[in-house]
Amino acid sequence: MEAVRTCIGCRQRSEKFALLRVIQVDGQVVPDETGSQPGRGAWLHPTSQCCNEAVKRKAFGRALRAEIIDTHTITQRLNG
């Protein structure tokens, strides 16, 4: 059985392989493509809807327990 995580955007539970792990580096939210970078991570469906919802609700800062200065990298990646 695959591990289940909760998307910080839509709050839906999904299997780990269906979500993108994100971490914060120097106040910037960046994707963790390998899922193995050190530090606290948050999980997000790799869609623009979930990303925009997470930004709107300020979920990145709460989930990563850090002050988030920039979400441009992750929103640009997921919004195309």
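Student: What radius of gyration does the chain have, with its 80 residues, beside that of a compact globule?

Tutor: This is a predicted model, in which local features need pLDDT of at least 70 and side-chain atom pairs count only at pLDDT 80 or more, while totals for chains, interfaces and linings use all residues. Residues are numbered from 1 along each chain as its sequence is written, and side-chain values use heavy atoms, with hydrogens and water left out. The radius of gyration is taken over C-alpha atoms, and the globule rule is 2.2 Å times the number of residues to the power 0.38. For 80 residues that rule puts a compact globule near 12 Å, and the chain agrees with it, having a radius of gyration of 11 Å.

Student: How many helices and strands does the secondary structure of the chain come to?

Tutor: Helices (DSSP runs of H or I, at least four residues) and strands (runs of E, at least two) are numbered from the N terminus. Read in that direction, the elements follow the order β-β-β-β-β-α-α-α. The count is therefore three helices and five strands.

Student: What percentage of the residues in the chain is buried?

Tutor: A residue is called buried when its relative accessible area is under 20%, exposed when that area is over 50%, and partly exposed in between, with a 1.4 Å probe and protein chains only. Across the 80 residues of the chain, the buried share is 32%.
The C-alpha trace of this chain spans about 35 × 25 × 25 Å along its principal axes, but the share asked for remains 32%.

Student: How many bridges join β3 to β4, and how many join β3 to β5?

Tutor: Two strands count as paired if DSSP finds at least two bridges between them. β3 runs antiparallel to β4, with V25 opposite Q28 and V22 opposite P31. β3 also runs antiparallel to β5, which covers residues 42–44, and here R21 stands opposite W43. The numbers of bridges are four for β3 with β4 and three for β3 with β5.

Student: Which residue in the turn between β3 and β4 has a positive phi?

Tutor: Most residues other than glycine have a negative phi. The two strands form a hairpin with two residues between them, in the loop between β3 (20–25) and β4 (28–31).

Student: Is R65 buried or exposed?

Tutor: R65 sits in the loop between α2 (59–64) and α3 (72–79), and its phi is near 50 degrees, a positive value in a residue other than glycine. Because its relative accessible area is 65%, R65 is exposed.

Student: Which residues does V30 touch, not counting those up to four places away in sequence?

Tutor: V30 belongs to strand β4, and because its relative accessibility is 19%, it counts as buried. Contact here means heavy atoms within 4.5 Å. T6, by comparison, is 24 residues from V30 in sequence and 18 Å from it in space, C-alpha to C-alpha. The residues that V30 touches are R21, V22, I23, V25 and T73.

Student: Which residues is A59 in contact with, leaving aside its neighbours within four places in sequence?

Tutor: A59 lies in helix α2, where it is buried with a relative accessible area of 4%. Its C-alpha atom is separated by 9.3 Å from that of A42, which is 17 residues away along the chain. Beyond the sequence neighbours, the contacts of A59 are with I8 and A54.

Student: What distance separates the C-alpha atoms of K58 and I8?

Tutor: K58 is placed in the loop between α1 (48–56) and α2, and with 63% relative accessibility it counts as exposed. Along the chain K58 and I8 are 50 residues apart, while their C-alpha atoms are separated by 9.6 Å.

Student: How far apart do the centres of the positive and negative side chains lie?

Tutor: Lys and Arg count as positive and Asp and Glu as negative, with His and the chain ends not counted. The place of a charge is taken as NZ of Lys, CZ of Arg, CG of Asp or CD of Glu. The chain has 12 positive and 8 negative side chains, and the distance between the centres of the two sets is 8 Å.
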